[in-house]
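This briefing describes selected features of the structure shown below. It is arranged by topic for reading alongside the coordinates.

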Amino acid sequence: MKEAIVRTIGLKKTFILGKIPLHVLKGIDIEIRRGEYISIMGPSGSGKTTLFNMIGGLDKPSEGKVYIDEVDIAQLDAYELAWLRCRKIGYIFQTFNLIPVMTALENVMLPMIFGGMDTDDAMTKSKALLETVGLGSRLHHKPFELSGGQQQRVAIARALANDPAIILADEPTGNLDLKTGKEIIHLLKEMNREKEVSIITATHDLKMLDVSDRVIWIRDGTIERIEDRANLQIKVGEVEGEEAG
Amino acid sequence: MGKWANIFYKSSAITEEKMSAQQTKRIEKQLSLPIKNAFQMSVRSIRIRFGRSIIVTMSIVLGIAFLMSVMSSNAFIVSLIKNGPESLKVSLQQNLDEMRVRQLWLVSLSLLVCVVGIINAMLMSVTERSREIGTMKCLGALDRFVVEIFIIESSMQGLVGSVVGVILGIMVTFLMFLFKYKGLAVHAFPGLILLKYTLFALVLGTVLSVVGALYPAYVSAKMEPAEAMRREV
């Protein structure tokens with residue numbers, strides 16, 4: 001039995017807007033094994049991004065626990081959380097979130113530098129990573145000189161910088177067109193296979209279904225169902241407002 | 001530990017251990033931002049937001065120029081009293097005594113206005129870059145790295161602004177005295193005292209810039225990554 005790299009127990013999150021409490025997560029229990037490719041799917045407002053933030057240590061739950069590699073992250077202090085984000089987890093965002101004043105190469109080097117790596121080693125490794133994602137010829141371009149798909153590739157290379165155990169991708173294809181989105185999904189799957197990184201994506205892009213080992217469907221803050229790839233059923237029109245890719 | 005305590009607490013670099021241990025086992029960490037990289041990022045940020053940087057720097061330039069011109073005019077007067085003809089001595093000495101308190105008040109006020117301007121500009125900068133800050137924290141940046149970057153930026157702007165301000169202040173004053181006292185002004189040029197005042201003005205200008213950046217840096221350190229990146233700017 002593979003060990004669980006992410007485990008949530010009774011996860012609840014309530015936001016207080018003025019006087020009205022908004023219950024976004026109403027009790028989530030999931031277990032994600034090492035090397036799995038998981039998609040968390042659901043309509044807007046279902047709580048996927050909030051769940052994603054909980055798993056990634058970006059926000060604290062109102063109730064329940066999150067374990068990363070069997071360590072309760074609520075027990076970690078600021079230093080340990082920063083270390084977790086630096087070494088254990090790689091993040092990919094819908095809006096790419098590259099540092100605009102730095103080139104692609106420097107963006108990928110940044111987490112390595114935070115992690116204490118020597119500059120020359122960091123540069124060598126970053127170049128290799130950027131070549132893996134197909135941007136070997138664009139090392140010294142700044143983000144505004146790259147297309148959306150290229151920026152997301154840099155973000156993927158950056159997420160892999162410190163050989164993390166988990167990659168968290170929040171709507172990675174949200175700002176990309178159909179073709180580029182497919183390329184990015186394919187790239188993520190390749191990384192999942194070659195580097196044995198667990199990938200957890202929060203998305204409402206149905207193209208993700210093909211490559212996921214398991215899909216967790218979320219609606220209204222609770223898990224509707226969890227499907228293994230073998231049992232995936234795609235009903236057109238099931239997910240609100242989306243067309244089957 | 002309070003947020004400030006975290007920022008100023010020195011983290012020791014120890015070797016890392018695998019994290020799949022029990023909670024009692026110490027998690028040893030090694031996170032760093034080398035000064036060279038911090039400087040590089042600060043310089044780039046200044047260059048990319050050049051317009052804003054110029055405004056912040058101008059604020060220091062004007063404040064320090066005013067300070068410097070007041071101080072150097074005092075220096076000139078003292079020097080003229082020493083080296084000039086008897087006829088000038090009495091009138092100049094009288095002027096000097098009257099002006100001191102008023103000068104102190106005016107200069108302090110103008111420098112205060114500058115610092116407020118810097119605080120405002122840096123706060124805007126922090127807000128605009130909240131997504132960048134949130135992202136860096138996701139990459140493992142400690143709060144203190146973000147603070148460092150803003151402080152370095154501010155002190156560089158302060159230093160450059162002070163240098164320009166000092167030159168401007170001395171030049172304006174010298175020209176004024178040259179116009180009024182002609183050759184005597186050159187003869188009585190108080191070089192050594194001006195040097196002392198220059199050093200003081202440079203340090204003061206840089207320190208004030210850093211002071212102006214402290215509150216905005218605190219704001220940037222307090223940001224949680226999730227909320228920072230959600231912010232629409």
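In chain B, residues 24 or more positions apart account for 88% of the contacts with a separation of 6 or more. The model is predicted.

**Overall make-up of chain B**

- Chain B contains nine helices and zero strands.
- Along the sequence, the order of elements in chain B is α-α-α-α-α-α-α-α-α.
- Of the 233 residues in chain B, 39% are buried.

**Packing of α2(B) against α6(B)**

- Two packed helices are described by the angle between their axes and the distance between the axes.
- Helix α2 of chain B (residues 35-48) and helix α6 of chain B (residues 143-181) have axes that come within 9 Å and cross at roughly 60 degrees. Because of this angle, α2(B) is oblique to α6(B).
- The crossing of α2(B) and α6(B) is right-handed.
- From α2(B), the contact is made by B:Ala38, B:Phe39, B:Met41, B:Ser42, B:Ser45 and B:Ile46. From α6(B), the contact is made by B:Glu148, B:Ile149, B:Ile152, B:Glu153, B:Met156 and B:Gln157.
- By class, seven nonpolar, three polar and two charged residues form the contact of α2(B) with α6(B).

**Contact between chains A and B**

- Chain A provides 27 residues to the contact, and chain B provides 30 residues.
- On the side of chain A that touches chain B, the elements giving two or more residues are β5 (71-72), α2 (78-88) and α3 (104-114) of chain A.
- The most is given by α2(A), with eight residues on the side of chain A that touches chain B.
- That side of chain A divides into 15 nonpolar, five polar and seven charged residues.

**Helix α5 of chain A**

- Helix α5 of chain A (residues 148-159) has twelve residues. From its first C-alpha to its last, α5(A) reaches 16 Å, close to the 16 Å expected at 1.5 Å a residue.
- Helix α5(A) is mostly covered, with nine of its twelve residues buried.
- The buried residues of α5(A) are A:Gln151, A:Gln152, A:Arg153, A:Val154, A:Ala155, A:Ile156, A:Ala157, A:Arg158 and A:Ala159.
- The cover over the buried residues of α5(A) includes β6 (89-92), α3, α4 (119-132), β7 (166-170) and α6 (178-195) of chain A.

Note on methods:
Residues are numbered from 1 along each chain as its sequence is written. Chains are lettered from A and ligands numbered from 1 in the order in which they are written. This is a predicted model: local features need pLDDT of at least 70, side-chain atom pairs count only at pLDDT 80 or more; totals for chains, interfaces and linings use all residues. Axes are lines fitted to C-alpha atoms, for helices over the stretch in contact, and angles run from 0 to 180 degrees between N-to-C directions. Helices (H or I, at least four residues) and strands (E, at least two) are DSSP runs, numbered from the N terminus. Angles under 35 degrees count as roughly parallel, over 145 as roughly antiparallel, 65 to 115 as roughly perpendicular and the rest as oblique. A crossing is left-handed if the near helix is turned anticlockwise from the far one by less than a right angle, and right-handed if clockwise. Two residues are in contact if their C-beta atoms, placed from the backbone, lie within 7 Å. Ala, Val, Leu, Ile, Met, Phe, Trp, Tyr, Cys and Pro count as nonpolar, Asp, Glu, Lys and Arg as charged, and the others, Gly among them, as polar. A residue is buried if 20 or more other C-beta atoms lie within 10 Å of its own, exposed if 12 or fewer, and partly exposed in between; C-beta atoms are placed from the backbone. The expected span of a helix is 1.5 Å times one less than its number of residues.
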